[in-house]
Amino acid sequence: MPTYSLNVNGQARSVTVSSSGMPLLWVLRDVLNLTGTKYGCGITACGACTVMIDGEPKKTCDMDVSSAVGKAVVTIEGLSKDRSHPVQQAWIQHQVPQCGFCQPGMIMKAACALKAGHHGKEIASECDNLCVCGTYARVRNAVAGL
Amino acid sequence: MTATVTTASADIASPDRRRFLGTTGGLTLAFSLGAAGLAASRAEAGTASAAVNAWLSIGADESITLAVGATEMGQGSSSSLGQVLAEDLMVSWQRVNVVQGPPTLVAPAPVGAAIATVGSGVVRGNFWRLRDAAAIARETLVQAAMNRVGDADRSHYAVADGVIRHLSSGAALTYGAVAADAAFLKPPSSAPLVPDEQLRVIGQSLPRQDIPAKVDGSAVYGLDVRVPGMLFAAIRHCPTFGGTLAATPSAPAGALAVVPVSVAAGTGRGAERAGNVNAVAVVAGTTWDAMRLARGLSLQWNLPPAAASWNSAQFVADAQALMTQATPYAAGAANPPGTLYTVEASTADPATALSQPGTRIMEASYTLPYVSHACLEVLNCTVDYTPGVRCEVWAPSQTARNALAMVCGLTGLAESQVVFHTTLLGGGLGRKAEVDFIAQAVQVAMVVKRPVQLVWSREEDYTHDQYRPMAVVKVRAGLDTGNRVVGWQYRNVSPSILAQRGSVLGPKGDSQGYEASHALPYDLGARRVEWVSHPSPIPVGFWRSVGASINTFAVESMVDELARTAGLDSYEFRRARLTDPRWLAVLEAAATLGGWRSALASGRARGIAIGAAFNSVVATVVEVSGTSATSFKIQRVSLAIDCTLVVNPANVEAQLTGGVVHGINAALYGQQTFAAGVAQRRNFNTNRMIRIGAMPQVAVTIVQRNAPLDRSVPIGGVGELGVPTLAPALANAVARLTGTRVRTLPFFAA
């Protein structure tokens, strides 16, 4: 069983998995118990599994864990200690979530866009994950001020 | 009417209550949000009786906790209930902590045999009883304060923000200070509510309690349950419904077990039969290992011989044949699928009215597909089973009480040996009102005897759903020379949700199937509304707005076709045939919001539709741009609702906007298709839904009718109401824009 050294939310984490092909999503969820990152489709269609890797939004449901080695992985749990990240603040202020299941992925998309220096409508267009509840209008409102 | 306070207790006697309310000591009211009559008695302070479905606890530490049975699946009702409670308890809304209670707190709901968070019912079903209970709790606390102060004249006290003040002495007692005393008092049978003009909380757009945990990953859905030492299991079903496993495979390398799983009693719908082994679960150390090993298994199934003919086109052909060949319902007869039920019939026969010379006849068939739920959180359930002793279950369930009964039935354990946790739901939409996935997880746990989380892959979730029923609806109507509608014949052929759940249908058929097709307030002349049960092998179930999503499409499309035939404006045509003040007000509000009378940019058109469901009336105006029925964009959706009263306007707006998106997804793309019994749409790449780029402008207006608040007026639902009028308003807009009338959903079937 292969072992990998990962950097997740600023911490060095050693993980042992059944095979090198195990997607990062399941390493996060089932090995590290970081369940904020969600499984939605397994085929990179919905974006619920999005995390920040070296500042970029990456869908983790088909990303081999080995390809995350040597990179900085930030999940929704690591975005801030106290919901103080501007995207989290905007999400609370604009009351974006309904069921909330897609929101970690959506927030990570927005956080990456903000980090890249994007603003407002530009961020909105990058928040192209699937939300079955249909919170898109509030996502737009929330990122309008970012 | 009073709240039904069944127990008040100082000691939190039952383990369940201790678990949910903590052990702060203080006043606990256990009350019913669903039954009448008062039975206050400390002697009953054991486990909650069947009639009790909420606990209110006011702790000596000033905590205020409301434990409810209803499920939070994104609709925000848990926050709204807390908001209602804060009003008559006279505390700030931030102090009320609403928690998920045990399944014994789930109120029986009058939907078939289900006991569930369904029917847009949580707030509207509990509003008055919760207010009464809050007022009774408040006055019990005031009584305790009066005893303490030694002045029994209630008019000498004022209550504000959780503090009881004795006006002459200035003595001030907090709820927490008197909570322990109050627990020994008999609560009054009724208590005055806050007068309408003094309402501070009800009707305010307050923040939802559940949102902070949903922005930092700490919200725990069913899939997020983690138990020390747990395993993961992935389900793999027979590709068709009604099949059985031919041979149990051995566990592949890397798997800890392969467990045959059978259809539990009471969960077999359509071709599925209780007792059939229709799935296997592969158990492994992670979800991914379980899923990949399940996918790789070579399995042999005995398929039902008829499965080869289970094709979408055949289902539609069968429905079209039944349109003319159904057998009329006969009281006392078996009335098998294929029976024609009369939902509504006027004394005058529409056939006669429509045969009058000079009548212009419009006749059309509308065809709607099976639609998947596709909640973003796939079905899952976690079970920790100790043989013969205990079973702990974590499930994203809309119907925890049914699930609890299922767990007891499968394990042979008593309710007191089962600990059932209802988690947050990553969407429910009606699918999580079923308990099939819970029964499967229990079966697996009983074999592996370790904590195990059963997960359906997205593909299993899509292909083994209990779908929104398909339907073929034929409408025949006619206009006289004065454009009066003189006759209306309406026949809906559709699989029965309730019959698949064992209900014996009465003379009108399936209430879920015919809802929103009858008692229409339009002047339609002579009318006859019929419903025919379609003998579908496909499992069908409750889906956001259920039958209203089918019938409102057919009714409002035909009304528009009549307006077109009459050469009249869609809005004016409707208005002139309505007298119901609610419908008229909502129609007018939607038209105003949607700018119905304003000039349109070139290449644009508007459509309108109106309907009613769950005691609410809703109308939608859709504005589209484009060039054809296959090339258009939804620009703007304007929706008006009369839900009779509003607790949280911002949440009403959110729910209706979400319903609009749900309606758009279903109208444009939503369908499950079948070939030789196998569901064809397996993931989000073949069953599209809109993303943010296609999100139209959505505006919502609430037609206020709640001054004064009136107990005798049934409260309207909100959660499902955005859905039914979207598809017809869109089809009507596209027809005006392009001249092409779309009568078969979805718009984009490929």
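This is a predicted model: local features need pLDDT of at least 70, side-chain atom pairs count only at pLDDT 80 or more; totals for chains, interfaces and linings use all residues.

Q: How do you know that domain 1 and domain 2 of chain B are in contact?
A: Two residues count as in contact if their C-beta atoms, placed from the backbone, lie within 7 Å. In chain B, 15 residues of domain 1 and 16 residues of domain 2 are in contact across the two domains. On the domain 1 side, the classes are 8 nonpolar, 6 polar and 1 charged.

Q: Which residues make the contact between H2(A) and H3(A)?
A: From H2(A) come Pro86(A), Val87(A), Gln88(A) and Trp91(A). H3(A) brings Gln103(A), Ile107(A), Ala110(A), Ala111(A) and Leu114(A). By class, this contact has 7 nonpolar, 2 polar and no charged residues.

Q: How many residues does each chain give to the contact between chain B and chain A?
A: Chain B gives 47 residues and chain A gives 48 residues. On the chain B side, helix H5 (287-296) and helix H16 (649-668) are the elements that give two or more residues. The largest share of that side, 7 residues, comes from H16(B). Sorted by class, the chain B side has 23 nonpolar, 15 polar and 9 charged residues.

Q: What makes S14 and S16 edge strands in the sheet of 6 strands in chain B?
A: This open sheet has the order S14-S15-S23-S22-S21-S16, with mixed pairing. Strand S14 (327-328) and strand S16 (360-368) of chain B each pair on one side only.

Q: How do you know that S15 and S23 of chain B pair?
A: Pairing needs at least two bridges between two strands. Strand S15 (residues 339-345) and strand S23 (residues 526-533) of chain B have 5 bridges, so they count as paired, in the antiparallel sense. In S23(B), Trp531(B) is the bridge partner of Tyr341(B). Helix H6 (residues 312-325) of chain B packs on this sheet, touching S16, S21, S22 and S23, and its direction makes about 40 degrees with that of S21(B).

Q: Why do S6 and S8 of chain B stand at the edges of their sheet?
A: The order in this open sheet of 3 strands is S6-S7-S8, with antiparallel pairing. Strand S6 (157-160) and strand S8 (172-174) of chain B each have a single partner strand, so one side of each is left without a neighbour in the sheet. Neighbouring strands here are turned by 20 degrees against each other on average, direction ignored.

Q: What makes S7 and S8 of chain B a pair?
A: The requirement is at least two bridges. Strand S7 (residues 163-166) of chain B and S8(B) have 3 bridges, so they pair, in the antiparallel sense. In S8(B), Leu173(B) is the bridge partner of Ile164(B).

Definitions and conventions
Residues are numbered from 1 along each chain as its sequence is written. Chains are lettered from A and ligands numbered from 1 in the order in which they are written. Ala, Val, Leu, Ile, Met, Phe, Trp, Tyr, Cys and Pro count as nonpolar, Asp, Glu, Lys and Arg as charged, and the others, Gly among them, as polar. Helices (H or I, at least four residues) and strands (E, at least two) are DSSP runs, numbered from the N terminus. Axes are lines fitted to C-alpha atoms, for helices over the stretch in contact, and angles run from 0 to 180 degrees between N-to-C directions.
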